[in-house]
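Colleague: I would like to learn how to read a contact between two chains. Can you take me through one?

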Amino acid sequence: MSLAEGVAGLLLISGSVLLVVAGVGIVRFPHFYTRLHAAGVIDTLAAGLFLAGIGVLFGATLGTVKLLMIFVFLLFTSPTACHALARSAWLAGLREPAATIENAEDSKSAGEPR
Amino acid sequence: MMLAAAGVAVLVAMGLAMVRAFLGPTVYDRILAVNSFGTKTVLLITLLGAMAGRADYFDLALLYALINFIATIALMRYAGSGELSREEGEDA
């Protein structure tokens with residue numbers, strides 16, 4: 001295994017771990033805003049790691065430039081989409097229940113916007 | 001080999017996002033899950049391109065990222081107001 005493949009493998013494995021962690025967070029976190037935190041924060045980094053890993057595999061070619069374009073685009077749109085989603089949910093009246101132990105059990109049903 | 005392993009991880013993450021999209025409970029959870037699913041689709045397409053050794057796939061991935069962003073914004077507008085068009089200058 002060459003050095004480039006080793007570095008690419010390391011980046012890809014890191015991205016994979018982050019993606020699965022984000023997926024578990026999306027499923028298991030108790031409320032919408034916590035789930036948004038899990039998905040929105042991690043997705044950008046995981047995408048960056050993936051694209052960097054594949055870019056290392058491709059070396060200095062046109063494909064790497066395309067990967068860089070994808071990464072720059074995701075870097076701008078992913079946080080924008082998350083911010084717009086949080087703002088839209090907040091304006092629609094979705095509120096997180098108070099973060100106490102007693103509320104942790106029934107927080108799934110609380111705070112429906114309509 | 002490592003590309004295949006990464007692809008399996010992306011597929012698992014996609015499945016978890018789909019679970020959230022089906023469970024809900026609010027429409028915003030579903031939009032979040034679909035947006036996340038779209039980002040993972042972009043990564044899966046780039047992985048396929050790396051497996052095939054062809055850079056053509058990356059164009060498709062870039063296009064998919066563009067469409068995914070527009071679709072998320074459109075879905076949010078539709079979920080918020082029930083319509084897709086809006087007057088100029090009105091705050092979202």
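**Reading the interface**

Modeller: Keep in mind that this is a predicted model. Start with one pair: B:Asp59 forms a salt bridge with A:Lys66, with 3.3 Å between the closest N and O atoms.

Colleague: How many salt bridges does the rule find across the interface of chain A and chain B?

Modeller: The rule finds 2. Polar contacts between chain A and chain B come to 5 residue pairs, both residues at pLDDT 80 or more.

Colleague: Which elements of chain A give two or more residues to the side that touches chain B?

Modeller: They are α1 (3–28), α2 (32–58) and α3 (62–91) of chain A. The most comes from α3(A), with 16 residues. By type, that side of chain A has 30 nonpolar, 7 polar and 9 charged residues.

Colleague: And how is size read?

Modeller: Interface size is often given as the accessible area lost when the parts come together. Here chain A and chain B bury about 3,800 Å², and carbon and sulfur atoms give 78% of that. In chain A, the residues losing the most area to chain B are A:Ile70, A:Phe73 and A:Leu85, together 14% of what that side buries.

Colleague: Which residues touch the most other members of the largest nonpolar core?

Modeller: That core has 28 residues, and A:Ile70 and B:Leu47 are among those touching the most other members. Both chains supply α1, α2 and α3 to it, each giving two or more residues. Beyond its sequence neighbours within four places, B:Leu47 is in contact with residues including A:Leu12, A:Phe50 and B:Val10. A second, separate core of 15 residues includes A:Ala39, A:Leu94, B:Tyr28 and B:Leu32.

Technical notes. Residues are numbered from 1 along each chain as its sequence is written. Chains are lettered from A and ligands numbered from 1 in the order in which they are written. This is a predicted model: local features need pLDDT of at least 70, side-chain atom pairs count only at pLDDT 80 or more; totals for chains, interfaces and linings use all residues. Side-chain values use heavy atoms; hydrogens and water are left out. Buried area is the accessible area (1.4 Å probe) that two parts lose on being put together, summed over both. A salt bridge is a side-chain nitrogen of Lys or Arg within 4 Å of a carboxyl oxygen of Asp or Glu. A polar contact is a pair of N or O atoms within 3.5 Å; within protein, one must be able to donate a hydrogen and the other to accept it, and residues adjacent in sequence count only if both atoms are side-chain atoms. Helices (H or I, at least four residues) and strands (E, at least two) are DSSP runs, numbered from the N terminus. Ala, Val, Leu, Ile, Met, Phe, Trp, Tyr, Cys and Pro count as nonpolar, Asp, Glu, Lys and Arg as charged, and the others, Gly among them, as polar. A nonpolar core is a set of buried Ala, Val, Leu, Ile, Met, Phe, Trp, Tyr and Cys residues joined through side-chain atoms within 4.5 Å. Buried means under 20% relative accessible area, exposed over 50%, partly exposed in between (1.4 Å probe, protein chains only). Contact means heavy atoms within 4.5 Å.
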